[in-house]
Amino acid sequence: MPVSPMNRREFVKKSAVTSAAVAVAGTAGAPAAQAAQAPQAAGRKPERAPRTWSFSILGTTDLHSHVFDWDYYTNAAYSDSKGNTYGIARIATLVKQLRAQKGEDRVLLVDAGDIIQGTSLAYYYANVDPITGKDGEPGPQHPMAIAMNEMRYDAAALGNHEFNYGIDVLRTFEKQCRFPLLGANALDATTLRPAFRPYTVKRIKVPGAPDIKVGILGLTNPGIALWDKDNVSGKMTFTGLVEQAKKYVPRLRSLGCDVVFLTDHSGLDGSTSWGDELPYVENASNLVAEQVPGIDAILVGHTHVDVPTYTVKNEETGKDVVLSEPYCYGYRLSVFDFELELHHGCWKVTRTTSTTLNSNTVEEDARITELLKADHALVVKYVNTAIGTCTEEMSTAQACWEDVPAIDFIHQVQMDAVRSGLSASDAQLPLISVAACFSRTAVIPAGDVTIRDVAGLYIYENTLYGKKLTGAQLKDYLEYAAKYYHQVPSGTKADTSTLTNANSFWDYMYDTASGVSYEIDIAQPEGSRIKNLTYNGAAVAADQVFVVAVNNYRANGGSGYPHIADADTAYSSTNQVRDLMIAYATTKGTIDPKTFAADNWKLTQDGTPVF
């Protein structure tokens, strides 16, 4: 029967007594020797309590270049109904407070990726005044590098959005950082060796005792191979998190690391958005904790959720692994606390806990503000540049259940761009567009339109493709999109507050089409909802071939849509869709919804319109 660790000392004591009794029975002729040993045993000093120490690792993730508590799209301080604030400037204040409380030498600071994309500030320093430089002149320092260097980050994992602007921008950012960007599963496509540092080892100094060695392993998301295929194909390849953790965690232990900490740009629910396009799991942090022995804790990113603490039991060792995800944008800061004991010259973790702190409890750090206020002012000026006018307001408030002009604007720009670049033969094919609503709060106002208005409508750095689909494939594509809606039987009123996001299918994943007309019957089960699919008033034939204007994320397999990734390409461009929209407004001078708005799709229940 195995001995419980709680009773091991008692077990050893009982075993010693039993052994002594056996020894007495076998050595009756040596009482004097035993008597001589008795005083020595009685005078033995009690064992000293082991030396203990504690330290903390602070974690951020998915900062997406949010420096200050400012919304560039609304041109105002950020606010929401829950009283949240964001920005690395507030996180800097929390970090300073925790270092003061715990001791400067007892705190490490780590990020889990998605640093250099996501705001107009990120766009500005990638495209307008790029950190890579232009016209032979060197570029500026990236504001996020300035902030994170000032805060003394120890390491950061690569996020998938790090690759959105191309490898040159990422490598330039890497050079500007005074901490390593880690990605053990980002491999050189030719050599299959790590393209970035897999790990780093930090030391916590303990007076009068050995240093505590902390191994930090960084893992990024395999989905980069799909989402940024145009930027990484032939240059880098991306393997699974579990596979690489199994390789590097033992290596860190062999290097003498007392603590092994992972920073993963991968969620913790085991889900995947790309179907069978890749043989790896998108959100695999829980699987890493479960399947790879030797891990103490994991900082989680990618999914933009607040998870103060989450525990996974390793299936091999039975040890609990602690995970935490600090939401995104600098809303939260994860705090991992480690307690250790020194045994025979080696530190052993005895306790690990985690929580998240809310950045709305502090003000922005004065030093970060001083360093970056000029950069921020430049971006504010840029995004408020007028690029044209609009004859009437276009809002996305109803876009997730009604055909609205704001999304038709995206469709029109995409179709215009693809049409201009088609070959003579492909130009004879019918052209349509698919696009998603990325924000339910976007508004193109009546009157003057600025860069920030367009950026608020199209928030991603997507480029544009033209892909060929048959009528049958197009119907499959639209059926896949229609799973976004919960089934609502005829006779039951559809409630927009609960209608959407079925199957964890988020707004950015849901495409509508322009150029064809169709109905989505939400009274029907998934897979049988697309009705009356027509082109120019005629039913779409199964073998009819269309050119489909689609962004690169979707064209390369993002969100798992059928057929599109393997479809023939009729057009591709490195121009960003957002830039094409800005160019449309600048060239025409006036955006007039009457020239492109088309009420070509609607929700129904057994043929009856829902709205």
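Which residues does Arg 332 touch, not counting residues up to four places away in sequence? They are Asn 84, Ile 91, Asp 306, Pro 326, Tyr 327, Thr 356, Leu 357 and Asn 358, where contact means heavy atoms within 4.5 Å. This is a predicted model, in which local features need pLDDT of at least 70 and side-chain atom pairs count only at pLDDT 80 or more, while totals for chains, interfaces and linings use all residues. Residues are numbered from 1 along each chain as its sequence is written, and side-chain values use heavy atoms, with hydrogens and water left out.

**Chain overview**
- The chain has 17 helices and 31 strands; these are DSSP runs numbered from the N terminus, helices being H or I of at least four residues and strands E of at least two.
- Of its 611 residues, 54% count as buried (under 20% relative accessible area, with exposed over 50% and partly exposed in between; 1.4 Å probe, protein chains only).
- The C-alpha trace spans about 115 × 55 × 50 Å along its principal axes.
- Among contacts between residues at least 6 apart in sequence, 75% join residues at least 24 apart.

**Arg 332**
- Arg 332 lies in strand β15, residues 332–343, and is buried, with a relative accessible area of 12%.
- Its side chain makes polar contacts with the side chains of Asn 84 at 3.0 Å and Asn 358 at 3.3 Å.
- A polar contact is a pair of N or O atoms within 3.5 Å; within protein, one must be able to donate a hydrogen and the other to accept it, and residues adjacent in sequence count only if both atoms are side-chain atoms.

**Helices α4 and α11**
- Helix α4 (residues 120–128) packs against helix α11 (residues 366–383) at an angle of about 90°, with the axes 10 Å apart.
- Axes are lines fitted to C-alpha atoms, for helices over the stretch in contact, and angles run from 0 to 180 degrees between N-to-C directions.
- The two helices are therefore roughly perpendicular, a class covering 65 to 115 degrees.
- The contact involves residues including Tyr 123, Tyr 124 and Tyr 125 of α4 and Leu 378, Val 379 and Tyr 382 of α11.

**Sheet β21-β17-β29**
- These 3 strands form an open sheet in that order, with mixed pairing; two strands pair if DSSP finds at least two bridges between them.
- β21 (447–450) and β29 (590–591) are at the edges, each with a single partner strand, so one side of each has no neighbour in the sheet.
- β17 (residues 386–390) pairs with β21 in the antiparallel sense over 4 bridges, and Thr 389 stands opposite Asp 448 in β21.

Note on methods: Parallel < 35°, antiparallel > 145°, perpendicular 65-115°, else oblique.
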